Amino acid sequence: MVSSKTRNKLIHQVICFCFLAILLHPTTSSDLFRVGLKKRRLELDDIRASRVIRKLKHSQHPTNNPSFATLGGDSSNQDQVILKNYLDAQYYGVIGIGTPSQEFEVIFDTGSSNLWVPSSKCYLSLACYLHPKYKSTKSKTYIKNGKTCTITYGSGSISGFFSEDNVNVGDLVVKNQEFIEATREGGLTFLLAKFDGLLGLGFQEISVGNAVPVWYNMVDQGLVREKVFSFWLNRDTEAEVGGEIVFGGVDPAHFKGKHTYVPVTRKGYWQFNMGDIFVGNNSTDFCEQGCAAIMDSGTSLLAGPTTVIAQINHAIGAEGIVSAECKDVVSQYGEMIWNLLVKKVLPRQVCKELGLCVFGQETGIKTVVDKERSSVLCEVCEMAVVWVQTKLKVNETKEKVFEYVNQLCESLPSPAGESIIDCNNIENMPNVTFTIGGNPFSLTPQQYILKTGVGNAEMCISGFSAFDLPPPTGPLWIIGDVFMGAYHTVFDSGNLQIGIAEAT
């Protein structure tokens, strides 16, 4: 028999042990550290600003020169950050830098790797006066660095210098984080932007100045137990919460079914291989043998080579501009393209056979205009070859093929990259399906069309944007928020893979 005194002592010990276990074991709320995304009304300028930002990041290869760099963005101890949604065009959330914390709204960008915000020493750029600026003199944890950098973009640049300070992301405090104080923000993009800066979640391989990214420091400082972060982007424009990023794991409330995982094929961007693309039940043939793609939370639309984007936009009824060069090539060289393909000449050789893509063998002096014209003719010829080849595979007649090709010429995107759609036709448009990891991931018209304006000013814009990234980085598909809004996405840096599941 156990005495009453002994029994009471045992009960007391059990209660103490249980209480201690509760204290030591993280609860669900503390496991999930949320960074939230916000929403605002969408305007056409915001989509264009986002397009420019896409070009900024992906225009060229980065270098690690610290003085000059070019950029072309179910586990415990999870940190979730609530995000804002700029009406499906820009998702951004709040971070803090310094002690006491100075708050900034930043894009959490898997397509770049640096953290930058405007500096109090930014005097000559109007954009800096429209956003909060970091003041190092106000922070007790500031560490001087001073290493200068310039990020040169396709449409502007950011200049500044590196500093170090503590960075608050949700409930996490990343200590001694290297970041850029921007002292100059050139270009219209940053005037139009609703965010203050960028927090890059890409790999260190594309980090300007070889700075250690915030995510790397989260892992190295033991702030997360798993090397995983995940995105949920809410496409409900009326919802209060625009989305969430979870650091250290995933929130099962934000997806259903199982994730399809694909390996990262090249560290830098979150790059992977993608398979064929279908419009309705019809293959575009463009990625039948595979295409390189990156999952990029910092890009609003879904961008790809003009050749296939024109096919998609034509199929969904989007209108671009009539391209005189395109129709000129079809009228002059269409018959020859047809005959060469029928004779089984390799598609990649056709335009060389026609003398439109032989720049390396040219002799004599050409003007800049001549070279530009030659380049355009070559690009248009290569697009026409793909289009004709697609129809030849299904045994279309020559008349039908060239009728189709001329329609595609009329559906080429505008120079700004956007294509317009009749808002009344959305219900009748086909799904567009991407093959990833051997599985189909479809986007409905409601998911790939963005609406801007109200009443008579309402405009519907295709979520498919033309973007031709030259070799060696390109050609490259940029899978942006149009896709990530429909599919919950896991970025697993521990196993170098990306997971995709239907979002809820």
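How many disulfides does the count come to? With a disulfide taken as a pair of cysteine sulfur atoms within 2.5 Å, the count comes to 6 disulfides. Before selecting any of them, please note that this is a predicted model, in which local features need pLDDT of at least 70 and side-chain atom pairs count only at pLDDT 80 or more, while totals for chains, interfaces and linings use all residues. Residues are numbered from 1 along each chain as its sequence is written, and side-chain values use heavy atoms, with hydrogens and water left out.

**First stop: the disulfides**

A disulfide is a covalent bond between the sulfur atoms of two cysteines. If the bonded cysteines of the chain are numbered in sequence order, they pair as 1-2, 3-4, 5-10, 6-9, 7-8 and 11-12.

Select Cys287 and Cys291, which are joined by a disulfide with an S to S distance of 2.0 Å. The torsion about their S-S bond is about -95 degrees, so this disulfide is left-handed. Here buried means under 20% relative accessible area, exposed means over 50%, and partly exposed lies in between (1.4 Å probe, protein chains only). Cys287 counts as buried because its relative accessibility is 0%, and Cys291 is buried too, with a relative accessible area of 10%.

Next, select Cys357 and Cys378, whose sulfur atoms are 1.9 Å apart in a disulfide. The torsion about the S-S bond of Cys357 and Cys378 is about 115 degrees, so the disulfide is right-handed. This pair links distant parts of the chain, with Cys357 in the loop between helix H9 (347–353) and helix H10 (368–392) and Cys378 in helix H10, 21 residues apart. Helices (H or I, at least four residues) and strands (E, at least two) are DSSP runs, numbered from the N terminus. Both Cys357 and Cys378 are buried.

Then move to Cys423 and Cys460, which form a disulfide with their sulfur atoms 2.1 Å apart; with 120 degrees about the S-S bond, this link is right-handed. Cys423 lies in the loop between S19 and S20 and Cys460 in strand S23, so the pair ties together parts that are 37 residues apart in sequence. Cys460 is buried, with a relative accessible area of 0%.

Now select strand S20 (residues 432–436), where 5 of the 5 residues are buried, so the strand is largely enclosed by the rest of the structure. In a regular strand the side chains alternate between the two faces of the sheet. Which residues cover each side of S20? Val432, Phe434 and Ile436 are on one side and Thr433 and Thr435 on the other, and all are buried.

Show strand S15 (residues 277–279), which pairs with S20 in the antiparallel sense over 3 bridges, and find Ile277 opposite Phe434. Then show strand S21 (residues 439–443), which pairs with S20 in the antiparallel sense over 5 bridges, and where Phe441 is the bridge partner of Phe434. The hairpin of S20 and S21 has 2 residues between the strands, and Gly437 takes a positive phi near 60 degrees there.

Select helix H7 (residues 306–316), which is mostly covered, as 9 of its 11 residues are buried. Among the buried residues are Val308, Ile309, Gln311 and Asn313. Just after H7, Gly317 takes a positive phi of about 90 degrees.

**Last stop: a surface patch**

Finally, select Tyr123, Leu124, Leu126, Tyr129 and Leu130, which make a nonpolar surface patch of about 650 Å². Leu126 is placed in helix H4 (residues 126–129), and Leu126 counts as exposed because its relative accessibility is 54%. Patches are made of residues with over 30% relative accessible area and no salt bridge, with like charges joined within 9 Å and nonpolar side chains (Val, Leu, Ile, Met, Phe, Trp, Tyr) within 5 Å. A salt bridge is a side-chain nitrogen of Lys or Arg within 4 Å of a carboxyl oxygen of Asp or Glu, and accessible areas come from the Shrake-Rupley method with a 1.4 Å probe, where for residues only the protein chains shown count as cover.

Notes
Pairing = 2+ DSSP bridges.
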